[in-house]
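Please keep the coordinates open while reading.

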Amino acid sequence: MGLFDPRQLLKIENSVNMVTRRVDLRSDTVTKPTEAMRAAMAKAEVDDDVLGNDPTALCLETEMARILGKEAGLFVPSGTMGNLISVLVHCNVRGSEVILGDNSHIHIYENGGISTIGGVHPRTVKNNKDGTMDINLIEAAIRDPEFEICYPTTTLICLENSHANSGGRCLPVDYINKVGELANKHGLKLHIDGARIFNASVALGVPVHRLVQAADSVSACLSKGLGAPAGTVIVGSKSFIAKAKILRKTLGGGMRQVGVLCAAALVALQENVAKLEGDHKKAKVLAEGLNKIKGLKVDVTSVETNIVYCDILEGTNITAPKICMALEELGILVMPEGLSRIRIVFHHQISESDVQYTLSCIQHVVTGTPHENGDT
Ligand SMILES: *Cc1c(COP(=O)(O)O)cnc(C)c1O
């Protein structure tokens, strides 16, 4: 081996940093495009999608509409834009009101865009631990048109499935259908933020089109569990998508040779939906292992998909941010949520041995027992 062999340098660097392995569990958005995706991107047929004729974008949109059982689809740069466009299409009159969960992604993590950009008023209903909102509370939040003069106009209900902030829990199809019936009864629309709708579908064992049957629109992310580098597709009726396309342009989301991204997303659909079940199993194994470590607590039964919330029990001498910092030195990346909770998210680039390594490192950091070495 020559002096400048890069593998040798890597070994030296590793021995200096004492890191031989990296397990990135910060989010399911951290996946790298696979070789198959890169190959598909390289040879993707493209054209100008703003002019409406990028063949790969059209193919992805048609395929997503088919899978989700809706008339048409539209590729947008992000889940945030997908939700914003969907809410704005349904609530096209200023002073419209949307009913949504107080712990929902749209309400908490999307810069209040529905209000600041869309002039839409949010009416929050308490999210239960399982991500649902009580149906009677939703119904009570619907404004009575008799008092129209002082009330915003209830126009839309939003659900989220799986529900991120409740730890990736799934809304069952019966529940969604009931909310759909309620929306119908009151002449409202139903939008589903389905950033992780494929995780919910796999976990519930319900085909994804059945899960969203009651919805007028769905936003489904391609760059979370499915592992594409970017993008979300929103689906709905043809007239919904026609209006959505105009709003996408208004918001600056019209992109040109976007087939390069859509090609990767098509590979993600073909190859990675089948891997979600494995992600969920690994999340469960980690959850069970963590729950056995003194000082930690995981509600294992609530781990339904790929997200694990691990609580640090009172009296444990270490905080969540400190645990995360110590883990980072061992090559394990996870996110603290406040002082006493860690959020761990699985994706298809985490192996079974990564799970065991992570468990042994967390045990080491929390209890001081020696950890497995990181050599793969
Ligand atoms: C990530 C996420 C979004 C937003 O997606 P971005 O692509 O990050 O904008 C919306 N809803 C939920 C539930 C999410 O988890």
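**Cavities, pockets and their linings**

The largest cavity has a volume of about 70 Å³. Here a cavity is a set of points on a 1 Å grid over the protein atoms alone where a 1.4 Å probe fits but cannot get out. Grid points are joined across faces, edges and corners, and a volume is the space filled by probe spheres set on the points. The model is predicted: local features need pLDDT of at least 70, side-chain atom pairs count only at pLDDT 80 or more, and totals for chains, interfaces and linings use all residues. Residues are numbered from 1 along each chain as its sequence is written, and side-chain values use heavy atoms, with hydrogens and water left out.

Lining residues have an atom within 4 Å of a point. For the largest cavity they include Leu100, Gly101, Asn127, Met133, Cys158, Leu159, Glu160, His163 and Asp193. The elements that give two or more residues to this lining are β3 (96-101) and β5, and β5 supplies the largest share, 3 residues. Helices (H or I, at least four residues) and strands (E, at least two) are DSSP runs, numbered from the N terminus. By class, the lining holds 5 nonpolar, 5 polar and 2 charged residues. Ala, Val, Leu, Ile, Met, Phe, Trp, Tyr, Cys and Pro count as nonpolar, Asp, Glu, Lys and Arg as charged, and the others, Gly among them, as polar.

A search of the whole structure finds 2 cavities of 30 Å³ or more.

Next come the pockets. A pocket is an open set of points with protein on both sides within 12 Å along at least five of seven lines. The largest pocket contains about 310 Å³ of space. Of its 17 lining residues, the closest to the centre are Lys129, Ser166, Ser302, Tyr309 and Arg341. Strand β10 (residues 307-312) contributes the most to this lining, with 3 residues. The classes are 4 nonpolar, 7 polar and 6 charged.

The second largest pocket has a volume of about 250 Å³. Of the 13 residues that line it, Ser27, His105, Arg196, Lys224 and Arg343 are the closest to its centre.

Where is Ser166 found? Ser166 sits in the loop between β5 (153-160) and α8 (173-185). Is Ser166 buried or exposed? Ser166 counts as buried because its relative accessible area is 13%, and buried means under 20% (1.4 Å probe, protein chains only). Leaving aside neighbours within four places in sequence, Ser166 is in contact (heavy atoms within 4.5 Å) with Lys129, Asp130, Gly131 and Tyr309. A polar atom of the Ser166 side chain lies 3.1 Å from the backbone oxygen of His163.

Helix α9 (residues 197-204) has Ile197, Phe198, Asn199, Ala200 and Ser201 buried. The buried residues of α9 pack against elements including α3 (55-68), β6 (189-194), β7 (217-221) and α12 (259-272). Just after α9, Gly205 takes a positive phi of about 70°.

Definitions and conventions:
Buried means under 20% relative accessible area, exposed over 50%, partly exposed in between (1.4 Å probe, protein chains only). A polar contact is a pair of N or O atoms within 3.5 Å; within protein, one must be able to donate a hydrogen and the other to accept it, and residues adjacent in sequence count only if both atoms are side-chain atoms.
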